[in-house]
Amino acid sequence: MKSKVQFRLRIYRDESIAIGPGKIALLEAIAETGSISGAGRQLGMSYRRAWMLIDEMNRALASPAVNTATGGSHGGGTALTPVGEQLIKHYRAIESAARVAAAADISALTRLLAS
């Protein structure tokens with residue numbers, strides 16, 4: 001059997017998750033696809049769910065992470081703001097630093113798993 005280690009950092013603002021692994025994945029998918037609907041499809045979630053996550057995140061931040069343009073004859077689109085890009089950068093840096101800092105303990109824990 002193969003083991004997997006996964007960090008799940010969440011930053012709350014009041015009772016809601018302002019920044020977490022799902023929202024970071026959604027931001028990355030928006031950067032890749034250029035749309036909320038495309039990002040939702042890529043992550044296996046509805047447009048409504050993706051929009052609600054983006055809206056919740058934007059409301060929790062001092063500046064929005066995502067800008068949207070409504071559709072029309074030239075189509076709409078969604079793009080990350082510099083804040084959205086910084087969220088991804090810092091979140092992924094924290095994950096990487098945590099993996100390095102915890103490597104010995106992770107190794108010790110995984111050795112305790114059944115083969």
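Predicted model: local features only at pLDDT ≥ 70, side-chain atom pairs only at ≥ 80, totals over all residues.
**Entry 1: the largest pocket**

I began with the largest pocket, which holds about 150 Å³ of space. I then listed its lining: Arg8, Arg10, Ile17, Gly20, Pro21, Gly22, Lys23, Met45, Arg49, Leu53 and Glu56. Sorted by class, the lining has five charged, four nonpolar and two polar residues. I also checked which helices take part, and helix H1 (21–33) and helix H3 (47–60) each give at least two residues to the lining.

**Entry 2: H1 against H2**

Next I followed H1 to helix H2, residues 36–43; the two pack at about 120°, with their axes 8 Å apart. Angles of 65 to 115 degrees count as roughly perpendicular and those over 145 as roughly antiparallel, so I noted this pair as oblique. Their crossing is right-handed. On the H1 side I found Ala25, Leu26, Ala29, Ile30, Glu32 and Thr33 in the contact, and on the H2 side Ile36, Gly38, Ala39, Gln42 and Leu43. I put seven of these residues down as nonpolar, three as polar and one as charged.

**Entry 3: H1 against H4**

My last stop was helix H4, residues 82–101, which packs with H1 at an angle of about 125°, the axes lying 10 Å apart. H1 and H4 are therefore oblique as well, and here the crossing is left-handed. H1 brings Pro21, Ile24, Ala25, Leu27 and Glu28 to the contact, while H4 brings Gly84, Leu87, Ile88, Tyr91 and Arg92. My tally for this contact is seven nonpolar, one polar and two charged residues.

Key
Residues numbered from 1 in each chain as written. Heavy atoms only, no water. 1 Å grid on protein atoms, 1.4 Å probe; cavity = no way out; pocket = protein on both sides within 12 Å on 5 of 7 lines; lining within 4 Å. Points joined across faces, edges and corners; volume = space filled by probe spheres on them. Helix = DSSP H or I, 4+ residues; strand = E, 2+ residues; numbered from the N terminus. Nonpolar A, V, L, I, M, F, W, Y, C, P; charged D, E, K, R; others polar. Axes fitted to C-alpha atoms, helices over the stretch in contact; angles between N-to-C directions. Parallel < 35°, antiparallel > 145°, perpendicular 65-115°, else oblique. Left-handed = near helix turned anticlockwise from the far one by under 90°. Contact = heavy atoms within 4.5 Å.
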